[in-house]
Amino acid sequence: MTDPDRLRRAPDADLARALRETAAAMADAARAETLRLFRSPALAPDNKLATGFDPVTEADRASERAMRAILAARRPDDAIVGEEYGPTPGTSGLTWVLDPIDGTRAYLCGAPSWGVLIGVTDAKGPIYGIIDQPWTGERFEGGLGTAAIASPHGLASLGVRRGVALAQATLMTTFPEVGTPEDGAAFRRVAGAVRLTRYGLDCYAYGLLALGCVDLVIEAGLQPYDIVAPIAVVEAAGGIVTDWQGGPAHHGGRVIAAATPELHAAALELLAG
(Lines give C-alpha, C1' and ligand atoms only; values in the text may rest on other atoms or scores of the structure.)
Protein backbone atom coordinates (compact mmCIF):
# COMPACT_ATOMS: atom_id res chain seq x y z
CA MET A 1 0.00 0.00 0.00
CA THR A 2 1.04 3.61 -0.31
CA ASP A 3 2.33 5.48 2.72
CA PRO A 4 -0.53 7.77 3.87
CA ASP A 5 1.91 9.94 5.81
CA ARG A 6 4.23 10.59 2.88
CA LEU A 7 2.60 13.82 1.74
CA ARG A 8 2.45 15.02 5.35
CA ARG A 9 6.19 14.63 5.96
CA ALA A 10 6.69 18.03 4.42
CA PRO A 11 10.03 19.79 4.41
CA ASP A 12 10.38 22.93 6.48
CA ALA A 13 8.21 25.86 5.47
CA ASP A 14 10.93 27.74 3.60
CA LEU A 15 11.88 24.71 1.50
CA ALA A 16 8.25 23.84 0.80
CA ARG A 17 7.60 27.39 -0.39
CA ALA A 18 10.71 27.33 -2.57
CA LEU A 19 9.66 24.04 -4.18
CA ARG A 20 6.15 25.28 -4.90
CA GLU A 21 7.40 28.57 -6.32
CA THR A 22 9.92 26.77 -8.50
CA ALA A 23 7.27 24.35 -9.74
CA ALA A 24 4.90 27.21 -10.56
CA ALA A 25 7.61 28.97 -12.56
CA MET A 26 8.33 25.73 -14.42
CA ALA A 27 4.65 25.18 -15.20
CA ASP A 28 4.34 28.75 -16.49
CA ALA A 29 7.37 28.28 -18.74
CA ALA A 30 6.05 24.95 -20.04
CA ARG A 31 2.68 26.56 -20.79
CA ALA A 32 4.33 29.12 -23.03
CA GLU A 33 6.28 26.49 -24.95
CA THR A 34 3.42 24.02 -25.39
CA LEU A 35 0.82 26.60 -26.38
CA ARG A 36 3.17 28.04 -28.99
CA LEU A 37 2.66 24.99 -31.24
CA PHE A 38 -0.67 23.57 -30.04
CA ARG A 39 -3.17 23.37 -32.92
CA SER A 40 -0.53 24.91 -35.18
CA PRO A 41 0.00 23.82 -38.81
CA ALA A 42 3.73 24.06 -38.08
CA LEU A 43 3.54 21.13 -35.65
CA ALA A 44 5.51 18.21 -37.10
CA PRO A 45 5.95 15.08 -34.95
CA ASP A 46 8.92 12.76 -34.96
CA ASN A 47 8.62 9.06 -34.15
CA LYS A 48 10.67 7.50 -31.36
CA LEU A 49 10.09 3.96 -32.63
CA ALA A 50 11.42 2.02 -35.61
CA THR A 51 8.10 0.18 -35.77
CA GLY A 52 4.83 1.52 -34.40
CA PHE A 53 4.25 5.14 -33.45
CA ASP A 54 5.44 6.92 -30.31
CA PRO A 55 5.39 10.62 -31.19
CA VAL A 56 7.54 13.43 -29.88
CA THR A 57 7.43 17.05 -31.00
CA GLU A 58 9.54 20.17 -30.68
CA ALA A 59 6.96 21.33 -28.14
CA ASP A 60 7.83 18.34 -25.91
CA ARG A 61 11.53 19.13 -26.12
CA ALA A 62 11.15 22.88 -25.70
CA SER A 63 8.86 22.41 -22.70
CA GLU A 64 11.37 20.19 -20.93
CA ARG A 65 14.30 22.46 -21.79
CA ALA A 66 12.43 25.44 -20.32
CA MET A 67 11.73 23.58 -17.09
CA ARG A 68 15.29 22.32 -16.81
CA ALA A 69 16.64 25.85 -17.29
CA ILE A 70 14.61 27.04 -14.31
CA LEU A 71 15.90 24.16 -12.18
CA ALA A 72 19.48 24.88 -13.23
CA ALA A 73 19.06 28.47 -12.06
CA ARG A 74 17.04 27.89 -8.90
CA ARG A 75 17.79 24.37 -7.66
CA PRO A 76 21.01 23.10 -9.26
CA ASP A 77 21.59 20.48 -6.55
CA ASP A 78 18.34 18.61 -7.20
CA ALA A 79 18.23 15.57 -9.46
CA ILE A 80 16.00 15.46 -12.55
CA VAL A 81 14.27 12.67 -14.43
CA GLY A 82 12.67 13.87 -17.66
CA GLU A 83 11.02 12.01 -20.49
CA GLU A 84 12.93 13.67 -23.31
CA TYR A 85 16.37 14.32 -21.81
CA GLY A 86 16.73 11.51 -19.29
CA PRO A 87 18.25 11.62 -15.79
CA THR A 88 20.47 14.31 -14.30
CA PRO A 89 22.08 13.42 -10.96
CA GLY A 90 21.79 15.60 -7.87
CA THR A 91 23.00 15.80 -4.29
CA SER A 92 20.06 17.30 -2.37
CA GLY A 93 18.00 14.11 -1.93
CA LEU A 94 15.17 15.56 -4.02
CA THR A 95 14.33 14.58 -7.60
CA TRP A 96 12.14 16.44 -10.08
CA VAL A 97 10.22 14.08 -12.36
CA LEU A 98 9.07 15.80 -15.54
CA ASP A 99 6.76 14.92 -18.39
CA PRO A 100 6.81 17.97 -20.67
CA ILE A 101 3.69 16.81 -22.54
CA ASP A 102 1.82 13.86 -21.11
CA GLY A 103 -0.48 12.86 -23.95
CA THR A 104 1.48 13.84 -27.05
CA ARG A 105 -0.99 11.90 -29.20
CA ALA A 106 -3.84 14.08 -27.88
CA TYR A 107 -1.65 17.15 -28.39
CA LEU A 108 -1.17 16.18 -32.04
CA CYS A 109 -4.93 15.80 -32.48
CA GLY A 110 -5.70 19.21 -30.96
CA ALA A 111 -7.55 17.60 -28.03
CA PRO A 112 -7.09 19.43 -24.70
CA SER A 113 -6.63 16.31 -22.58
CA TRP A 114 -2.82 16.43 -22.50
CA GLY A 115 -0.91 18.11 -19.72
CA VAL A 116 2.44 19.02 -18.24
CA LEU A 117 3.49 16.89 -15.27
CA ILE A 118 5.88 18.17 -12.59
CA GLY A 119 6.60 15.95 -9.60
CA VAL A 120 9.03 16.04 -6.69
CA THR A 121 10.20 12.91 -4.87
CA ASP A 122 12.38 12.23 -1.88
CA ALA A 123 13.88 8.88 -0.94
CA LYS A 124 10.46 7.42 -0.09
CA GLY A 125 8.41 8.63 -3.04
CA PRO A 126 6.37 11.59 -4.31
CA ILE A 127 5.86 14.56 -2.01
CA TYR A 128 4.47 17.13 -4.45
CA GLY A 129 2.98 17.33 -7.91
CA ILE A 130 1.38 19.55 -10.54
CA ILE A 131 -0.90 18.47 -13.38
CA ASP A 132 -1.11 21.52 -15.64
CA GLN A 133 -3.45 21.84 -18.64
CA PRO A 134 -2.25 24.95 -20.47
CA TRP A 135 -5.10 25.24 -23.01
CA THR A 136 -7.90 25.20 -20.42
CA GLY A 137 -5.80 27.09 -17.89
CA GLU A 138 -6.33 24.48 -15.17
CA ARG A 139 -3.57 23.65 -12.71
CA PHE A 140 -4.07 20.77 -10.25
CA GLU A 141 -1.61 20.95 -7.35
CA GLY A 142 -1.08 18.48 -4.51
CA GLY A 143 1.32 17.99 -1.63
CA LEU A 144 3.44 20.27 0.57
CA GLY A 145 0.31 21.39 2.38
CA THR A 146 -1.92 22.04 -0.62
CA ALA A 147 -4.63 20.26 -2.62
CA ALA A 148 -6.14 22.78 -5.02
CA ILE A 149 -7.09 23.56 -8.60
CA ALA A 150 -6.46 27.00 -10.06
CA SER A 151 -8.39 27.82 -13.23
CA PRO A 152 -9.89 30.82 -15.06
CA HIS A 153 -12.90 30.26 -12.80
CA GLY A 154 -10.86 30.80 -9.63
CA LEU A 155 -9.18 28.68 -6.95
CA ALA A 156 -10.93 25.64 -5.45
CA SER A 157 -9.99 22.83 -3.12
CA LEU A 158 -9.47 19.31 -4.40
CA GLY A 159 -11.23 16.37 -2.81
CA VAL A 160 -12.11 12.90 -4.05
CA ARG A 161 -15.71 11.69 -4.25
CA ARG A 162 -16.84 9.54 -1.31
CA GLY A 163 -19.60 7.01 -0.79
CA VAL A 164 -19.69 5.57 -4.32
CA ALA A 165 -20.00 1.80 -4.66
CA LEU A 166 -18.17 -0.02 -7.45
CA ALA A 167 -21.42 -0.59 -9.37
CA GLN A 168 -22.02 3.17 -9.49
CA ALA A 169 -18.40 4.18 -10.14
CA THR A 170 -16.87 5.92 -13.16
CA LEU A 171 -13.64 4.37 -14.46
CA MET A 172 -11.11 6.01 -16.77
CA THR A 173 -8.04 4.88 -18.72
CA THR A 174 -6.05 6.22 -21.64
CA PHE A 175 -5.83 3.31 -24.10
CA PRO A 176 -8.61 0.72 -24.55
CA GLU A 177 -5.93 -1.97 -24.91
CA VAL A 178 -4.51 -1.20 -21.40
CA GLY A 179 -1.09 -2.79 -21.86
CA THR A 180 -0.69 -6.49 -22.61
CA PRO A 181 -3.62 -8.78 -23.52
CA GLU A 182 -3.54 -10.06 -19.92
CA ASP A 183 -3.62 -6.49 -18.58
CA GLY A 184 -6.53 -5.72 -20.88
CA ALA A 185 -8.48 -8.74 -19.69
CA ALA A 186 -7.96 -7.70 -16.07
CA PHE A 187 -9.08 -4.16 -16.84
CA ARG A 188 -12.23 -5.42 -18.57
CA ARG A 189 -13.21 -7.32 -15.42
CA VAL A 190 -13.31 -3.98 -13.57
CA ALA A 191 -14.94 -2.18 -16.50
CA GLY A 192 -17.71 -4.78 -16.49
CA ALA A 193 -18.46 -4.04 -12.85
CA VAL A 194 -18.71 -0.23 -12.97
CA ARG A 195 -21.45 2.04 -14.28
CA LEU A 196 -19.39 4.02 -16.79
CA THR A 197 -15.99 3.63 -18.47
CA ARG A 198 -14.33 6.41 -20.47
CA TYR A 199 -11.09 6.48 -22.47
CA GLY A 200 -8.36 8.76 -23.72
CA LEU A 201 -7.77 11.51 -21.16
CA ASP A 202 -4.13 10.83 -20.24
CA CYS A 203 -3.07 12.71 -17.07
CA TYR A 204 -6.29 14.75 -17.07
CA ALA A 205 -8.14 11.70 -15.74
CA TYR A 206 -6.14 11.86 -12.50
CA GLY A 207 -7.02 15.52 -12.14
CA LEU A 208 -10.70 14.67 -12.53
CA LEU A 209 -10.38 11.98 -9.87
CA ALA A 210 -8.78 14.47 -7.48
CA LEU A 211 -11.57 16.93 -8.30
CA GLY A 212 -14.25 14.39 -7.34
CA CYS A 213 -15.64 13.88 -10.86
CA VAL A 214 -14.55 10.26 -11.45
CA ASP A 215 -13.76 7.39 -9.11
CA LEU A 216 -11.11 5.11 -10.63
CA VAL A 217 -8.21 5.36 -13.06
CA ILE A 218 -6.51 2.11 -14.13
CA GLU A 219 -3.52 2.03 -16.50
CA ALA A 220 -0.56 -0.15 -17.48
CA GLY A 221 2.82 0.37 -19.10
CA LEU A 222 3.53 3.67 -17.35
CA GLN A 223 6.90 5.29 -16.76
CA PRO A 224 7.80 7.20 -13.57
CA TYR A 225 7.36 10.53 -15.35
CA ASP A 226 3.78 9.51 -16.23
CA ILE A 227 2.66 8.94 -12.65
CA VAL A 228 4.77 10.71 -9.98
CA ALA A 229 2.92 14.02 -10.23
CA PRO A 230 -0.55 12.40 -10.45
CA ILE A 231 0.21 10.33 -7.34
CA ALA A 232 0.95 13.47 -5.35
CA VAL A 233 -2.17 15.25 -6.58
CA VAL A 234 -4.55 12.33 -6.04
CA GLU A 235 -3.20 11.45 -2.60
CA ALA A 236 -3.31 15.08 -1.47
CA ALA A 237 -6.99 15.06 -2.48
CA GLY A 238 -7.60 12.02 -0.28
CA GLY A 239 -7.33 9.24 -2.86
CA ILE A 240 -5.18 6.13 -3.12
CA VAL A 241 -2.63 5.24 -5.82
CA THR A 242 -0.83 1.88 -5.94
CA ASP A 243 0.32 -0.73 -8.38
CA TRP A 244 -2.03 -3.63 -9.16
CA GLN A 245 -0.67 -5.57 -6.18
CA GLY A 246 -1.31 -2.72 -3.74
CA GLY A 247 2.34 -1.63 -3.56
CA PRO A 248 4.08 1.66 -4.42
CA ALA A 249 3.35 2.94 -7.91
CA HIS A 250 5.85 5.75 -8.42
CA HIS A 251 8.19 3.56 -10.47
CA GLY A 252 5.46 3.14 -13.10
CA GLY A 253 4.11 -0.08 -14.61
CA ARG A 254 0.53 -1.07 -13.81
CA VAL A 255 -1.23 1.59 -11.75
CA ILE A 256 -4.61 2.00 -10.07
CA ALA A 257 -5.88 5.26 -8.59
CA ALA A 258 -9.04 5.11 -6.49
CA ALA A 259 -11.13 7.63 -4.62
CA THR A 260 -11.68 5.43 -1.56
CA PRO A 261 -10.20 2.38 0.18
CA GLU A 262 -13.38 0.43 -0.57
CA LEU A 263 -13.22 1.08 -4.31
CA HIS A 264 -9.50 0.36 -4.31
CA ALA A 265 -9.98 -3.01 -2.61
CA ALA A 266 -12.88 -4.03 -4.85
CA ALA A 267 -11.01 -3.12 -8.03
CA LEU A 268 -7.81 -4.86 -6.89
CA GLU A 269 -9.75 -8.06 -6.31
CA LEU A 270 -11.08 -7.99 -9.86
CA LEU A 271 -7.68 -7.09 -11.34
CA ALA A 272 -6.21 -10.14 -9.61
CA GLY A 273 -8.85 -12.36 -11.18
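Within what distance do the axes of α5 and α6 come, and at what angle do they cross? In this predicted model, local features need pLDDT of at least 70, side-chain atom pairs count only at pLDDT 80 or more, and totals for chains, interfaces and linings use all residues. Residues are numbered from 1 along each chain as its sequence is written, and side-chain values use heavy atoms, without hydrogens and water.

The axes of α5 and α6 (lines fitted to C-alpha atoms over the stretch in contact, with angles from 0 to 180 degrees between N-to-C directions) come within 9 Å and cross at roughly 10°. The two helices are therefore roughly parallel to each other, a label for angles under 35 degrees. Helices are DSSP runs of H or I of at least four residues, and strands are E runs of at least two, numbered from the N terminus. Contact means heavy atoms within 4.5 Å.

| Helix | Residues in the α5–α6 contact |
|---|---|
| α5 | Tyr 206, Leu 209, Ala 210 |
| α6 | Ile 227, Pro 230, Val 233, Val 234 |

The residues of this contact comprise seven nonpolar, no polar and no charged.

The largest nonpolar core has 48 residues, and Tyr 206 and Leu 216 have the most contacts inside it. Such a core is a set of buried Ala, Val, Leu, Ile, Met, Phe, Trp, Tyr and Cys residues joined through side-chain atoms within 4.5 Å; buried means under 20% relative accessible area with a 1.4 Å probe, protein chains only. Helix α5 gives the largest share of this core, six residues. Because domain 1 (13–157) and domain 2 (166–272) both give residues to this core, it lies between them. The domain bounds come from an automatic or database domain assignment.

Definitions and conventions: Buried < 20%, exposed > 50% of the residue type's maximum accessible area, 1.4 Å probe, protein only. Parallel < 35°, antiparallel > 145°, perpendicular 65-115°, else oblique. Nonpolar A, V, L, I, M, F, W, Y, C, P; charged D, E, K, R; others polar.
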